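Please open the structure in a viewer and follow the selections in the order given. Each stop names what to select and then describes what is found there.

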Amino acid sequence: MIDLPALIRSLILVAVATCMCADPVNSLSSVANKPGRPIKKVAVIGSGIAGLGVAHALTSLSNDEDNMEVSLFDARSGLNSQDGAGIQLNGGLTALGKINKELQLKVMEAGLPAKKVESRAKAWKNPSSTTYDTLLQLNLEDLVRNAGGAVTDGLVQDGKVMWYSIMRGALQEVLVDNLPSSNNVQFEKKLADIIPTEDETGVMCKFTDDSISGPFDMVIGCDGIKSAVKDYIDTGKVQNGNSGIYSGIRIKFAVEDGDPTSDSNPTTAGLTQYFGDGGYGLSGVYGNGKDSAPTKCAFMVSLDDDYIGPYKKKVKENAEAADENVAWTQDARKGLEEGKANMLSQVICRDLPDFELGPTISNADRFFELGVYFHNPFTLKGWSKELSDGSWAVLAGDAAHAMPPFLGQGANQALQDGYTLANKICDYNDIVQGRWIAPPVADGEEEEEPKTLKMLLKEYERKRWFPTASITVKSALIGYLETGGVDGFYSKFRDVFFRTMGIIGVAKKVLLDAATPKL
């Protein structure tokens, strides 16, 4: 069992050390503000949610004078809209609206408005296979509208609450279909090296098929937990991408496609979580594209028998490494019938409601099993690095801050990264192209000096580090707690904890704080 207080203390100490050791943005003011060249040619490595969001943000927000060219490269053979599970969009949907209002509306049309979230557990009094107590029930619409302040300002736009359920594949499809024609994704391009040009006016990207593209002014790593760009920033070369931490938590999920001929397809979405012994289940419905029938998903989250938290307990001969989060691989499918049978068996074993999860599992069209990984948010290595004179590499999305999915924030934070990073790049181009005007200052204050690209990229990192680090820590702790421990060791404590957190309002605060955009 994880010693949660000790883990929290360790994280706080590391966080304090990080803040003490890291260079504050203000310390960069001594950097010479010499004129640089604008960022005009950008390579985006990875075309998941983060990569597509960055590409849209750069093309939408950049000045036409800059003639911004964005090239996307992806190691996969193609995008499969049937891969992946359902996700929640909230703060990320707000970011999309700031990038491109029309794109935001198309994503909303592809999804379903999310209306409620509830957590339930087996009744303590007169328990049976069908009696479950409600520990927590939230009406998302009322919650957001009544919260006021940054929550309501950030999540209500044009009278609508920005909280939608959508299949990952459907979201990717909308983002790809609406890319400018000049921004096509090049597939089967796995990054092998980043090479500065001889005249140091850019860098070339070399791929494992021996092809070379460039020169580029900037390489943006959106290539997930095994990020080759992160490798290069951390070590100066592309390695094996082993920076991810395996949490010791596994997720099984079954996907049942909707019936387009049905007259009773839902028009709104809700999520129901069921706590069991040594695991928990989740059922929900998700939009799967405009004019397409909604999709049902059933999830089963449990602890890996070979791990105690992120620590390996025993070694199995010829054991296979755990697959990555669905955000970082689209080829983790299991045999459908074998997977469904195994998942149903585990649902029953964990004392979860097969009457609720069972139909979706039995009728599933696809099945996945994945291990949950995350990045250490307290690394001192940073998210950016100068590659040659004026050429930079920088990280976004899971490559920068892979997080457990238990607060539903991976895609949301990736889209917010894209908007924030693109804004900083555009600010820099305004400076070097002579379009930047210092903001007005009060009497007696010094006029703001134009910033270097190094300063702006550091501002991007600090703007996005705190919310993503906070979500990573909270999500990891929530994930361990929600399983109830090995064989339900602390399941009763978990039930009391969530009921209490719901009553005193902490659960609402945690959920809303994660969902509120930090732009």
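Select helices H2 and H7 of this predicted model; their crossing is left-handed. H2 covers residues 49-61 and H7 covers residues 168-177, and their axes come within 10 Å and cross at roughly 25 degrees. Angles under 35 degrees count as roughly parallel, so H2 is roughly parallel to H7. To view the contact itself, display the side chains of Ile49, Leu52 and His56 in H2. These meet Arg168, Leu171, Gln172, Leu175 and Val176 in H7. By class, this contact of H2 with H7 comprises 5 nonpolar, 2 polar and 1 charged residues.

Next, select helix H3 (residues 91-99) together with helix H12 (residues 410-432). Their axes lie 7 Å apart, and the packing angle is about 25 degrees. H3 and H12 are therefore roughly parallel to each other, and their crossing is left-handed.

How many cavities of 30 Å³ or more does a search of the whole structure find? The search finds 1, and about 50 Å³ of space lies in the largest cavity. To outline the largest cavity, select Asn376, Pro377, Thr379, Trp383, Ala400, His401, Trp465, Thr468, Ala469 and Thr472, which line it. Helix H11 (398-401) and helix H13 (453-483) are the elements that give two or more residues to this lining. Of the elements, H13 gives the most, with 4 residues. The lining of the largest cavity has 5 nonpolar and 5 polar residues, and no charged residues.

First, select glycine 214 and proline 215, which are joined by a cis peptide bond with omega about 0 degrees. Proline 215 lies in strand S12, which spans residues 212-216.

Finally, select aspartate 291 and inspect its backbone: phi is near 65 degrees, a positive value in a residue other than glycine. Where does aspartate 291 lie? Its place is in the loop between strand S16 (279-286) and strand S17 (295-303).

How values were computed. Residues are numbered from 1 along each chain as its sequence is written. This is a predicted model: local features need pLDDT of at least 70, side-chain atom pairs count only at pLDDT 80 or more; totals for chains, interfaces and linings use all residues. Side-chain values use heavy atoms; hydrogens and water are left out. Axes are lines fitted to C-alpha atoms, for helices over the stretch in contact, and angles run from 0 to 180 degrees between N-to-C directions. Angles under 35 degrees count as roughly parallel, over 145 as roughly antiparallel, 65 to 115 as roughly perpendicular and the rest as oblique. A crossing is left-handed if the near helix is turned anticlockwise from the far one by less than a right angle, and right-handed if clockwise. On a 1 Å grid over the protein atoms alone, a cavity is a set of points where a 1.4 Å probe fits but cannot get out, and a pocket is an open set with protein on both sides within 12 Å along at least five of seven lines; lining residues have an atom within 4 Å of a point. Grid points are joined across faces, edges and corners, and a volume is the space filled by probe spheres set on the points. Ala, Val, Leu, Ile, Met, Phe, Trp, Tyr, Cys and Pro count as nonpolar, Asp, Glu, Lys and Arg as charged, and the others, Gly among them, as polar. Contact means heavy atoms within 4.5 Å.
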